[in-house]
Amino acid sequence: MSQDLVAAPSGAAPARVRGLSLWYGTFRALDRVTLDVAPGEILSMIGPSGCGKSTLLRCFNRMNEQSYVRMEGDLEVAGYDVMSRSTDSLALRRDVGMVFQRPNPLPISIRENVLFGLRLHAPKTPRSVAEGMMESALQQVALWELVKDKLDRDAESLSLEARQKLCIARLLPLKPKVLLFDEPCSALDPDGTAAVEELMDEMRGTFTQVVVTHNMQQARRVSDRCVFMLMGELVEVAPTAELFTHPKDERTAKYIEGRYG
Ligand SMILES: Nc1ncnc2c1ncn2[C@@H]1O[C@H](COP(=O)(O)OP(=O)(O)O)[C@@H](O)[C@H]1O
Ligand SMILES: [Mg+2]
C-alpha cells in the first residue's frame, strides 16, 4: 500500500450509504439511496431488471469506476470511504469480496485459485500457513472432500456448482468483512442453488453478506432483511418476512404480487 492511501479502521459498520446517486452519462441509475447494512446480516436486494441492484452492489467495492460514471453522496463500506480518492481500491477489494453470476475462476489450478488473493495481498505468507488457509477455505465451502486429491487440476474441470463454491473459497483467506453476491445462483441448477444458499446460511454472522437476486423466493429463504428497488430508488427496506407479508409501500406490494414485468 502506498503511503498516501488510507486503510480502513477496524470495527467500522459493514456499509453506510447516504444519498447515493449514480449516473451513466446522463442516465441516472441510482437516485439518492440511503441504507445501513448491519454486521453479520444477509441483506438481499430485489426489484425488476434494470432497477439498479447490480449498480448499487458494484459501488460497494468500486467496480463502477468508468470515465462516464458520476457519483454523488456518501458511501462507506467496511470502514473505507469509497468516494474518496485517497482510499486504496486494492485494500477495499480485499476486505469486500464479490461473487458474480457466472462462476469465474481463473484458468489456473484449484489450489492456485484459492491462493491467488494471498499471493497478491500477503505475498510473504509462509507456504505452510498458506496451505492451511487454503484447506480451511475449501472446508468452509464444503469442497475439500471433493477436491483434496486433485488440487493441481484446472479449476475449469469442476462443475458449475463447485466452480461457484471455489469463487467463494478464494475470497476467504483474505478474511473479508463483507461479501457481495450478484445473482450467485442464476447459472446453477436447483441442487447447486440449494448448496450455495446453504453455504451462505453457514457464513451468516461470520461475514456480512449482500445478495442481489431476481428470485424472490431466494430472498425469502436466505436473507434477514430485504431491500426493494425500483428505477434507481430504494423503495423499502425491512426484515424479510415483514417486507413480504406487510410491505409498507404500495409499489413493493405490487412487485411481490408479481404485477411488474
Ligand atoms: N455500464 C453501464 N453503462 C450504461 N448503463 C448501464 C451500465 N450498467 C447498467 N446500466 C443501466 O443502468 C440501469 C441499472 O442497471 P443494473 O444496475 O444492471 O440493474 P439490475 O441489476 O437491477 O438489473 C439499467 O437501465 C442499465 O441498462
Ligand atoms: Mg443485475
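Q: Is Ser109 buried or exposed?
A: In this predicted model, Ser109 counts as buried because its relative accessibility is 12%, which is under the 20% cut-off for that class.

Q: Where does Ser109 sit, and what is it in contact with?
A: Ser109 is placed in the loop between β6 (96-99) and α3 (110-121). Leaving aside neighbours within four places in sequence, Ser109 is in contact with Leu151, Asp152, Arg153, Asp154 and Ala155.

Q: And Asn113, where is that one?
A: Asn113 belongs to helix α3, and with a relative accessible area of 0% it is buried. Apart from residues within four places in sequence, the contacts of Asn113 are Pro105, Leu106, Ile108, Ala155, Leu166 and Arg170.

Q: Staying with α3, at what angle does it pack with α4?
A: The angle between α3 and α4 is about 115 degrees, and their axes are 10 Å apart; the crossing of these two helices is right-handed.

Q: Which residues meet there, and how many are nonpolar, polar or charged?
A: From α3 the residues are Arg111, Val114, Leu115 and Leu118, and they meet Ala130, Glu131, Met133, Met134, Ala137 and Leu138 of α4. Sorted by class, that contact of α3 with α4 has eight nonpolar residues, two charged ones and no polar ones.

Q: Ala137 is in that list; buried or exposed?
A: Ala137, which is found in helix α4, counts as buried at 1% relative accessibility. Beyond its neighbours within four places in sequence, Ala137 is in contact with Val114, Ala169, Leu172 and Pro173. The C-alpha atoms of Ala137 and Ile168 are separated by 8.6 Å, although these residues are 31 apart along the chain.

Q: Let's switch to α6: how many of its residues are buried?
A: Seven of the 10 residues of α6 are buried, so this helix is largely enclosed by the rest of the structure. The buried ones are Ala162, Gln164, Lys165, Leu166, Cys167, Ile168 and Ala169.

Q: What covers them?
A: The cover over the buried residues of α6 includes β6, α3, α4, α5 (144-147), β7 and α7.

Q: How do α6 and α7 run relative to each other, roughly parallel or roughly antiparallel?
A: The axes of α6 (residues 160-169) and α7 (residues 190-203) come within 9 Å and cross at roughly 20 degrees. The two helices are therefore roughly parallel to each other, since angles under 35 degrees count as such. In passing α7, α6 makes a right-handed crossing.

Q: Which side chains or residues are involved, by name and by class?
A: On the α6 side, Glu161, Gln164, Lys165 and Ile168 meet Asp191, Gly192, Ala195, Val196, Leu199 and Met203 of α7. By class, this contact of α6 with α7 has five nonpolar, two polar and three charged residues.

Q: What does α7 span from its first C-alpha to its last?
A: With 14 residues, α7 reaches 20 Å from its first C-alpha to its last, which is close to the 20 Å expected at 1.5 Å a residue.

Q: Which residues of α7 are buried, and what do they pack against?
A: The buried residues in α7 are Gly192, Thr193, Ala195, Val196, Glu197, Leu199, Met200 and Met203. They pack against β3 (42-46), α4 (127-140), α6, β7 (178-182), β8 (208-212) and α8 (216-222).

Q: What about phi just after α7?
A: Just after α7, Gly205 takes a positive phi of about 90 degrees.

Q: Which residues other than glycine have a positive phi?
A: Among them are Arg62, with phi near 60 degrees, and Glu183, with phi near 45 degrees. As background, most residues other than glycine have a negative phi.

Q: Where are those two?
A: Arg62 is found in the loop between α1 (53-60) and β4 (69-77), and it is buried, with a relative accessible area of 8%. Glu183 is in the loop between β7 and α7, and Glu183 is likewise buried, with a relative accessible area of 13%.

Q: Last topic, Gly19: what does it touch?
A: Gly19 lies in strand β1 (residues 15-24) and is partly exposed, with a relative accessible area of 28%. Not counting residues up to four places away in sequence, Gly19 touches Arg32, Val33, Thr34, Glu72 and Gly73. Gly19 and Gly73 are 54 residues apart in sequence, and their C-alpha atoms are 4.9 Å apart in space.

Methods
Residues are numbered from 1 along each chain as its sequence is written. Chains are lettered from A and ligands numbered from 1 in the order in which they are written. This is a predicted model: local features need pLDDT of at least 70, side-chain atom pairs count only at pLDDT 80 or more; totals for chains, interfaces and linings use all residues. Side-chain values use heavy atoms; hydrogens and water are left out. Helices (H or I, at least four residues) and strands (E, at least two) are DSSP runs, numbered from the N terminus. Buried means under 20% relative accessible area, exposed over 50%, partly exposed in between (1.4 Å probe, protein chains only). Contact means heavy atoms within 4.5 Å. Axes are lines fitted to C-alpha atoms, for helices over the stretch in contact, and angles run from 0 to 180 degrees between N-to-C directions. Angles under 35 degrees count as roughly parallel, over 145 as roughly antiparallel, 65 to 115 as roughly perpendicular and the rest as oblique. A crossing is left-handed if the near helix is turned anticlockwise from the far one by less than a right angle, and right-handed if clockwise. Ala, Val, Leu, Ile, Met, Phe, Trp, Tyr, Cys and Pro count as nonpolar, Asp, Glu, Lys and Arg as charged, and the others, Gly among them, as polar. The expected span of a helix is 1.5 Å times one less than its number of residues.
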